[in-house]
Amino acid sequence: MDTTLLSWTVLPLAILAGAIRVSTPFIFVSLGESITEKSGRINLGLEGNLVLGAMSAYAVSFLTGSPWAGVLAAGAVGMLFGTLHGLLCSVRRVNDTAIGISLMVLGTGLAFFWGKPFIEPKAPSLPTIPLGFWTDVPQIQSALDVNVLFFVGVVLAFVLRLFFNRTGWGLMLRTVGDSEDAARALGFPVLKVRILATSAGGFLAGVGGSFLSLSYPGSWSEGLSSGQGIMAVALVIFARWDPVRALWASLLFGGAGAIGPALQGMGITGFYYLFNAAPYVLTLAIMIVSTSRAQTFTDAPGELSLHR
């Protein structure tokens, strides 16, 4: 078969596979932020959770030889930062946006400082599921090696939708996020719910970071995240605070980020950096469209600062 024809045939598959890889951190961070914002609080510090989680996962995987221990460590570190965010924001007259930005800077700074010894060593990676077993074409086999964390994120999105809409705890979380006064009247512990929500959101953001260092691109470096934690906040607004919509939106962002590498793999290097900017252009477009349509915020939790 002509290699050029093969390349163009594989291109859609390469973009799809790239979308799956690139979207996986988005999935976990956006789901975590969905939990946090459902409680009426916004956490702009998830970029710090993501980067510190990536560093922690890589370090623990290297030191223990177990990538799953690294994932748990990343989640624990993310939960610690999420809990810290929740506690600080529980103090009166403390702005959650300012706290989030401060913790983002702290998290990335700690990751860069503690992560320097782990830039060169090679840590064990997370396993993949070879969905390309049916073909002998190496390009297709490589494209269809899907990380286990992606499937975990897909299942988690549907579980969270059921949790929000079909459980008593989900109702309590949504009530706290929609009206603090109503939640207090019903006897719900508002501060406790919000602290737990930010802790859970931080845990998922840390797990998302572990994918970056232990799967794709599969190493630890200071430029690993490229602002994915911040973009995930825009993604949650675009998804209207629905976990399943956040899943599809994450795949959309991932597809935008996969276009450049897929074309480069075919030998098309012109405008490479322009294609790599696609996720950021998409984020900007989403924010412009979202903030210019008043009806978008009718789905927002009433206690969110951006809703007031």
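Trainee: Which residue forms a salt bridge with R161?

Mentor: This is a predicted model, in which local features need pLDDT of at least 70, side-chain atom pairs count only at pLDDT 80 or more, and totals for chains, interfaces and linings use all residues. Residues are numbered from 1 along each chain as its sequence is written, and side-chain values use heavy atoms, with hydrogens and water left out. A salt bridge here is a side-chain nitrogen of Lys or Arg within 4 Å of a carboxyl oxygen of Asp or Glu. For R161, the closest N and O atoms are 2.8 Å apart, and the partner is D242.

Trainee: How many residues apart in sequence are the parts that R161 and D242 tie together?

Mentor: Helices (H or I, at least four residues) and strands (E, at least two) are DSSP runs, numbered from the N terminus. R161 lies in helix 6, residues 148–166, whereas D242 lies in the loop between helix 10 and helix 11 (243–265), so the separation is 81 residues.

Trainee: Is D242 buried or exposed?

Mentor: Buried means under 20% relative accessible area, exposed over 50%, and partly exposed in between, with a 1.4 Å probe and protein chains only. R161 has 32% and is partly exposed. D242 has 15% relative accessibility, so D242 counts as buried.

Trainee: Which residues are linked with E180 in a network of salt bridges?

Mentor: R194 forms a salt bridge with E180, at 3.3 Å between the closest N and O atoms. R194 lies in helix 9 and E180 in helix 8 (residues 180–185), so the pair ties together parts 14 residues apart in sequence. The residues linked with E180 in the network are R184 and R194.
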